[in-house]
Amino acid sequence: MFHRRGLHPAGPRSRHRPLTGAAEGDGRARGGRERHPARRARPARPPLLVDPDTYRTCLDGLDSRLEAMAAVGCTVATTVLNPRSPLDTREALAVARKRIAELAAAAAGHGVRLAVEAVSIHTGLPPELDGPHPVLDSLPQLAELLEETDAQNAGVLVDSFHWAAAGADPGHITLLGPDHITHVQIADTPAHHAIGELTDSHRLFPGDGALTWPVLADALDQAGYTGPVSVELFNPQLRALPAGEITRRSHHAATSCFTLAETSR
């Protein structure tokens with residue numbers, strides 16, 4: 001993980017963790033997103049619009065997890081909002097607002113901020129993210145939802161891959177402002193796939209694809225974001241690499257892509 005300014009490896013206070021999730025080994029906090037990028041499975045982080053019983057199960061031990069996160073200096077917890085749902089749109093948004101407010105309030109009690117991620121891909125969604133009814137799939141829509149929720153401790157998670165899948169409009173980022181961006185995740189997009197064909201399995205190391213990094217870097221600068229940046233990959237071929245190689249390549253890719261973006265201005 002890296003800070004946006006200087007892109008030095010982030011210390012413990014910039015770690016981020018999914019707010020609901022399964023325990024993981026290798027020294028990682030329970031329910032946590034690891035510092036070795038791309039080694040966890042998506043099912044370990046249930047989305048916001050799971051069924052009520054699953055959601056309540058995910059809340060079991062929430063305070064103890066948040067307490068552990070705060071103890072190790074983890075200041076950001078992440079959650080993902082379904083782009084589609086079995087619930088009709090109006091009901092899905094109402095449930096999302098309620099759960100975001102609940103999770104944000106719980107996190108605030110431990111000095112942790114909530115980062116909510118919008119999913120902009122429409123192909124190859126796992127069942128837990130899919131459904132017949134649209135919810136939202138872009139940063140502006142998510143920002144509007146958070147404003148309606150009025151959860152002061154919740155912000156937007158900007159994911160470069162989903163930003164590209166939504167059209168790579170820099171205005172989607174610049175209009176957010178620094179106080180509304182809680183975390184940034186990065187991955188590259190393949191050069192020869194239409195936007196509508198993108199799936200999470202197409203994610204590449206930053207700098208290995210077609211994403212316009214100078215545009216993203218400028219948008220984050222204009223938004224005033226100076227917080228942590230992490231690499232997130234779901235590409236099965238890349239996930240099969242040894243953990244050490246993933247770490248090394250992620251560090252090199254993340255620092256290189258933003259360095260190139262800055263020198264190209």
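1. Burial first: 53% of the 265 residues of the protein count as buried, where buried means under 20% relative accessible area, exposed over 50%, and partly exposed in between (1.4 Å probe, protein chains only). The accessible surface comes to about 11,300 Å², and 54% of that belongs to carbon and sulfur atoms; these areas come from the Shrake-Rupley method with a 1.4 Å probe, and for residues only the protein chains shown count as cover.

2. A word on the source: this is a predicted model, so local features need pLDDT of at least 70 and side-chain atom pairs count only at pLDDT 80 or more, while totals for chains, interfaces and linings use all residues. Residues are numbered from 1 along each chain as its sequence is written, and side-chain values use heavy atoms, with hydrogens and water left out.

3. Now the overall makeup. The protein has 9 helices and 9 strands, taken as DSSP runs numbered from the N terminus (helices are H or I with at least four residues, strands are E with at least two). Among contacts with a separation of 6 or more, 78% join residues 24 or more positions apart; contact here means heavy atoms within 4.5 Å.

4. On to helix packing, starting with H1 (residues 52–59) and H3 (residues 89–108): their axes come within 13 Å and cross at roughly 5°. That makes H1 roughly parallel to H3, given that angles under 35 degrees count as roughly parallel, over 145 as roughly antiparallel, 65 to 115 as roughly perpendicular and the rest as oblique. The axes are lines fitted to C-alpha atoms, for helices over the stretch in contact, with angles running from 0 to 180 degrees between N-to-C directions. Pro 52, Tyr 55 and Leu 59 of H1 meet Arg 99, Glu 102 and Leu 103 of H3. By class, that contact has 4 nonpolar, no polar and 2 charged residues (Ala, Val, Leu, Ile, Met, Phe, Trp, Tyr, Cys and Pro are nonpolar, Asp, Glu, Lys and Arg charged, and the others, Gly among them, polar).

5. H3 also packs with H4 (residues 139–149): the axes come within 9 Å and cross at roughly 65°. H3 brings Leu 93, Ala 96, Arg 97, Ile 100 and Ala 101, and H4 brings Leu 145, Leu 146, Glu 148 and Thr 149. Those residues divide into 6 nonpolar, 1 polar and 2 charged.

6. Look next at the loop between H4 and strand E7 (154–159), where Asn 153 sits. Asn 153 counts as buried because its relative accessibility is 16%. It touches Ala 104, Ala 107, Ala 108, Val 112, Arg 113 and Leu 114, leaving aside residues up to four places away in sequence. Asn 153 and Ala 108 are 45 residues apart in sequence, yet 6.2 Å apart in space, C-alpha to C-alpha.

7. Asp 150 is in the loop between H4 and E7 too, but at 53% relative accessibility Asp 150 counts as exposed. Its phi is near 55°, a positive value in a residue other than glycine. Ala 168, in the loop between helix H5 (160–165) and helix H6 (171–174), also has a positive phi, near 55°. At 24% relative accessibility, Ala 168 counts as partly exposed.

8. Last, Thr 189, in the loop between strand E8 (181–186) and helix H7 (213–223). Its relative accessibility is 7%, so Thr 189 counts as buried. Its contacts, residues up to four places away in sequence aside, include Phe 161, Leu 198 and Leu 211.
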